[in-house]
Amino acid sequence: MKILLTGGAGFIGSHTCVEIVEAGHDVVIADDLSNSKPAVLDRLKELTGKEIPFYHIDVADRQKVDEMFAKENFDAVIHFAGFKAVGESVAKPVMYYRNNIDTTLTLLETMAKYNVNNFVFSSSATVYGVPERVPLVEGMKTGCTNPYGWTKLMIEQILTDATVANKELSVVLLRYFNPIGAHESGRIGEDPTGIPNNLLPYITQVAIGKLPQLGVFGDDYPTHDGTGVRDYIHVVDLAKGHVKAIEYAAEHKGTEIFNLGTGTGYSVLDIVKAFEKANNIEIPYVIKPRRDGDIAECYADPVKAKEKLGWQAEKSLEEMCRDSWRWQFNNPKGYDE
Ligand code: WQD
């Protein structure tokens with residue numbers, strides 16, 4: 001298949017690009033580079049041995065997207081492009097609704113015009129809001145605690161309604177848990193702009209000496225050690241899940257939701273200890289107050305993806321920690337070398 005990866009220069013998009021090519025498909029990347037760097041494209045050529053066609057466009061731009069579809073003749077779309085910082089979404093909700101929903105509506109309209117009927121969407125476990133219980137199952141109640149999460153849930157609803165109206169359309173909604181790690185080569189990885197919001201890139205910047213210590217946001221949660229528990233999944237496992245999802249979409253119609261997680265929850269301090277052990281590095285930390293909007297515990301029931309996609313996460317926490325560090329050690333300034 002020929003697959004469009006919107007946001008394909010990003011952390012998850014770039015790792016998915018490598019796995020999609022390895023699975024024998026053709027890819028095209030469209031990205032506005034608002035949260036990624038052109039250097040990623042050189043690294044993807046190095047890793048795939050292919051010149052990946054790249055469109056430097058805003059995926060909400062109807063004319064540019066139409067021109068791209070007219071030229072490229074896609075079989076499917078994997079839609080990663082979107083703003084994704086929880087805190088920023090609280091400060092700038094209209095920007096988040098405009099960008100994340102407009103890009104999706106532009107893609108749907110253009111796909112209908114060119115009869116492209118396979119769509120995989122980068123959703124998030126954040127749509128479960130404050131879980132009633134764990135592990136999380138796809139049919140559980142949803143409801144969000146921030147505009148970023150609401151954009152994901154609203155887009156899930158838009159896509160579901162679109163498949164009811166158009167019986168030819170196939171949509172797979174992938175609810176990511178916490179993607180971490182990097183390709184084993186150390187040539188692509190997570191490269192946040194500014195001070196990292198997420199735990200692992202913060203830890204690796206402490207390890208590289210760019211930040212003095214980790215702040216642990218709260219140690220009074222109802223968890224085994226009081227710190228927040230999450231389902232960390234290796235980004236390469238997540239990427240392989242997208243290969244299975246797009247191939248599933250090509251064989252089915254309607255909308256299907258899948259959790260992409262390991263099914264195991266680790267606390268912040270579990271992660272710190274695992275990182276220190278895997279890389280023989282000390283990570284200094286200090287306990288800080290809870291972060292607004294954080295939940296105590298969140299991890300997946302991954303059975304549905306195993307049964308219907310034939311996919312499950314395979315990489316260990318040690319590999320996640322080692323691969324994260326290899327990326328950061330080899331790229332102290334990320335892609336800004
Ligand atoms: C993980 C744990 C923090 C940083 C969010 C979004 C989700 C997805 C991933 C976009 C929590 C703790 C963190 C730090 C800390 N985003 N922490 N000190 O919040 O689970 O998920 O990012 O796709 O949709 O909701 O991830 O990595 O920010 O936090 O103690 O400096 O680490 O409290 O318990 P989160 P995270």
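Here's a short walk through the cores and ring contacts of this predicted model.

Start inside. Select Leu 5, Leu 44, Ile 78, Val 172 and Leu 174: these have the most contacts within the largest nonpolar core, which counts 39 residues. Now colour helix H8, residues 235-251; with eight residues, helix H8 gives the most to this core. Next, zoom in on Leu 5. Skipping its neighbours within four places in sequence, you'll find Leu 5 in contact with Gly 13, Cys 17, Val 27, Val 28, Ile 29, Ala 30, Ile 78 and Phe 80. There's also a second, separate core of 25 residues; to find it, pick Ile 57, Ile 155, Leu 159 and Ala 162, which are among its members.

On to the rings. The structure holds seven aromatic pairs. Show Phe 275 and Trp 325: this pair is edge-to-face, with 6.3 Å from centre to centre and 80° between the planes. Phe 275 belongs to helix H9 (residues 268-279) and Trp 325 to helix H11 (residues 317-330), so the pair ties together parts 50 residues apart in sequence.

Which of the two is buried and which exposed? Trp 325 is buried, at 14% relative accessible area, while Phe 329 is exposed, at 53%.

For a cluster, select Phe 69, Phe 74 and Tyr 114, which form one aromatic group.

Finish with two arginines. The charged end of Arg 175 sits over the ring of Tyr 128, 4.9 Å from its centre. Arg 290 lies over the face of Tyr 221, at 4.0 Å from the ring centre.

How values were computed. Residues are numbered from 1 along each chain as its sequence is written. This is a predicted model: local features need pLDDT of at least 70, side-chain atom pairs count only at pLDDT 80 or more; totals for chains, interfaces and linings use all residues. Side-chain values use heavy atoms; hydrogens and water are left out. A nonpolar core is a set of buried Ala, Val, Leu, Ile, Met, Phe, Trp, Tyr and Cys residues joined through side-chain atoms within 4.5 Å. Buried means under 20% relative accessible area, exposed over 50%, partly exposed in between (1.4 Å probe, protein chains only). Helices (H or I, at least four residues) and strands (E, at least two) are DSSP runs, numbered from the N terminus. Contact means heavy atoms within 4.5 Å. Rings of Phe, Tyr and Trp (its six-membered ring) pair if their centres lie within 6.5 Å; planes under 30 degrees apart count as stacked, over 60 as edge-to-face and the rest as tilted. A charge sits over a ring if NZ of Lys or CZ of Arg is within 6 Å of the ring centre and within 35 degrees of the ring normal.
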